[in-house]
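Please look over the chain shown below before reading on. The briefing that follows takes its topics in turn, from overall make-up to individual side chains.

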Amino acid sequence: MARSIDFNPRARIQQRRGEYEQQRTLGLDAQTTYEQLFPQYNTAFEKAVAFQDVVQSAYDTFQANRTQANLDAYDSTVAQYQQLQTTYQGYEPQLQMLQAQMQSASSRIKEIERELPDLQRALAIDQEQQKRQVLQRRGGSLLTRGFRRAGSAR
């Protein structure tokens, strides 16, 4: 019967190392994509903000002289402004998703880093010369020696 990974510090460290690399890659990929999209979002947002003055000017012109031509100009300006808003708002869901991925990867990496000292300590116990000989002879772990179940040793 194969040993459970929970009681094999070397296997757990290897598993955490793989998980760490996977989370690191996911986080870096999300960060790279975010850094590529954010300038486009920011540019679109700044264009929309700058265009607000044009909309206000067209509205003021219409209010000063209520003609059909001024109303059409105002409506056209509002349509352009809405298109600019739609452009920058189109980036927001993807940017939020990328931020969530970066935060998730970061928090999982921190969890792995907090777990690492305990795993290294358990590995050091299993690797001590005298204890390693016991492990080789009996095929068990020092943590579980003399107990029926591995969990009862703790």
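How many helices and how many strands are there in the protein chain? There are three helices and zero strands, and read along the sequence they give the pattern α-α-α; helices (H or I, at least four residues) and strands (E, at least two) are DSSP runs, numbered from the N terminus. This is a predicted model, in which local features need pLDDT of at least 70 and side-chain atom pairs count only at pLDDT 80 or more, while totals for chains, interfaces and linings use all residues. Residues are numbered from 1 along each chain as its sequence is written, and side-chain values use heavy atoms, with hydrogens and water left out.

**Confidence**

- The mean pLDDT of the protein chain is 83, and 77% of its residues reach 70 or more, where pLDDT is the predictor's confidence in each residue, from 0 to 100.
- Confidence is highest in helix 1, at a mean of 92, and lowest in helix 3 (residues 129-138), at a mean of 56.

**Surface and contacts of the whole chain**

- Of the 154 residues of the protein chain, 24% count as buried, a term that means under 20% relative accessible area, with exposed over 50% and partly exposed in between (1.4 Å probe, protein chains only).
- The protein chain exposes about 11,000 Å², of which carbon and sulfur atoms supply 49%; accessible areas come from the Shrake-Rupley method with a 1.4 Å probe, and for residues only the protein chains shown count as cover.
- Among contacts (heavy atoms within 4.5 Å) between residues at least 6 apart in sequence, 69% join residues at least 24 apart.

**Nonpolar core**

- The largest nonpolar core has twelve residues, including Ala 30, Leu 37, Phe 51, Val 55, Tyr 81 and Leu 98; such a core is a set of buried Ala, Val, Leu, Ile, Met, Phe, Trp, Tyr and Cys residues joined through side-chain atoms within 4.5 Å.
- Helix 1 and helix 2 each supply at least two residues of this core, and the largest share, eight residues, comes from helix 1.
- Leaving aside residues up to four places away in sequence, Leu 37 touches Tyr 91, Gln 94, Leu 95 and Leu 98.

**Aromatic pairs**

- A search of the whole structure finds six aromatic pairs, counted when rings of Phe, Tyr and Trp (its six-membered ring) have centres within 6.5 Å; planes under 30 degrees apart count as stacked, over 60 as edge-to-face and the rest as tilted.
- Tyr 34 and Phe 38 form a stacked pair, 5.8 Å centre to centre with 15 degrees between the planes, and they are separated by about one helical turn because they lie four residues apart in helix 1.
- Tyr 34 counts as buried at 18% relative accessibility, whereas Phe 38 is partly exposed at 32%.
- Tyr 41 and Tyr 88 form an edge-to-face pair, 6.0 Å centre to centre with 70 degrees between the planes, and this pair links distant parts of the chain, with Tyr 41 in helix 1 and Tyr 88 in helix 2 (residues 68-127), 47 residues apart.
- Tyr 41 is buried, with a relative accessible area of 15%, and Tyr 88 is buried at 11%.
- Ring pairs link Tyr 34, Phe 38, Tyr 41, Phe 45 and Tyr 88 into a cluster.

- Gln 23, found in helix 1 (residues 9-64), counts as buried because its relative accessibility is 14%.
- Leaving aside residues up to four places away in sequence, Gln 23 touches Ser 104, Ala 105, Arg 108 and Ile 109.
- Arg 12, also found in helix 1, counts as buried at 19% relative accessibility.
- The side chains of Arg 12 and Glu 115 are joined by a polar contact of 3.1 Å, meaning a pair of N or O atoms within 3.5 Å; within protein, one must be able to donate a hydrogen and the other to accept it, and residues adjacent in sequence count only if both atoms are side-chain atoms.
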